[in-house]
Amino acid sequence: MADKFRVGLTRDFLTPEGELAFRDIGLHLLDDDPKIEYEFFPELHSEVSPDQIKDYDAVIAYVVNWTAESFKGVERLALLVRFGVGYDMVDVGACIENDIILAITPAGVRTPMAEGTLTLMLALAKQIVPKEKVLRDNRWHDHKLIYGSCLANQVVGTVGVGNIGGELMRLLEPFGLASRLAYDPYCTPELAAELGVELVELDTLLRDSDFVAINCPLTDQTRKLIGPDQINLMKPTAYLVNTSRGPIVDQVALTAALRERKIAGAALDVFEQEPIASDDPLLELDNAILLPHAVGWTDEALYGNGAGCCQAALDVSAGKVPETVINREVLDHPGLQAKLSRWR
């Protein structure tokens, strides 16, 4: 068995001054294991280079990009674990080709993101932002012109019924909705029944829902899944909430629909380009709530994501496979098995 299991954390976990940007990401789990040695990357690049990772057994990654070039000549790395659930910045095929496990941390984001999505729904329904504006503009009595709605007797549809979408449906159960709809080609009838949701086609969900929540991952199949044709199916009184990934929704088409009041409003935590440009026309609209990809950013999410990453590293350091592997086809590769056996 080798002496030390080396873990690298990407530099974007730190402030420009070199301090940890978050209060607690569970690093004590690594501190408690004498076999583990960890450090932060000395430099931050938008795309990880082979020189940055060649001496690590595992890497805990925040939001940097991983391409096929990142892994060229890298023989030691056994695990790349994402701080969160999105992995659209990782070349999954390159991980497989180089015998590297790609893992995520779904438990860390499940409740924070589902609560965040529900928060945005309620903010839209209750017209929180317009009501706050009339107060700040010293127009107190104009509040009587701004009224919202309850979630009770409304139809909520989720595009995706996975980790976060499923939890959102659970959280919505006490609100007395007319129905909970879901579009997800991978959702089983058994799971749908457990969640109390009705599986429907995407067009049906868009036509019938008062609130549409995007909860699917960004893949080649879901990129611009919600385009102009889909937005045009929505009710003029409906709201769109996207807390997943910006490119799932055609942002130009959504902006036009909001400007022309084809739908009532939207709440967006994600955008096609992040950070959003300072001159993006979305910023001019009064029927859109816009957040900087942070609606689920809570102490619980940060600790849960970090602890999940650390646990994945600890699993591999014991020669075990983490629970939340994305590229499971790599698990039978002799090259990966050799890396794992080194730590058994």
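Predicted model: local features only at pLDDT ≥ 70, side-chain atom pairs only at ≥ 80, totals over all residues.
1. Some ground rules: local features need pLDDT of at least 70, side-chain atom pairs count only at pLDDT 80 or more, and totals for chains, interfaces and linings use all residues. Residues are numbered from 1 along each chain as its sequence is written, and side-chain values use heavy atoms, with hydrogens and water left out.

2. Now look at where they meet. Seven residues of domain 2 are in contact with 11 residues of domain 1 (contact means heavy atoms within 4.5 Å). About 580 Å² is buried between the two domains, and carbon and sulfur atoms give 63% of that; buried area is the accessible area (1.4 Å probe) that two parts lose on being put together, summed over both.

3. Which residue forms a salt bridge with Asp88? Look for Arg245: the closest N and O atoms of this pair are 2.9 Å apart. A salt bridge here is a side-chain nitrogen of Lys or Arg within 4 Å of a carboxyl oxygen of Asp or Glu. The count between domain 1 and domain 2 is one salt bridge. On the side of domain 1 that touches domain 2, H11 supplies the largest share, four residues.

4. Finally, follow helix H11 itself, residues 299-317 (helices are DSSP runs of H or I, at least four residues, numbered from the N terminus). Gly319, which follows H11, has a positive phi near 75°.

Methods. Helix = DSSP H or I, 4+ residues; strand = E, 2+ residues; numbered from the N terminus. Expected span 1.5 Å × (residues − 1).
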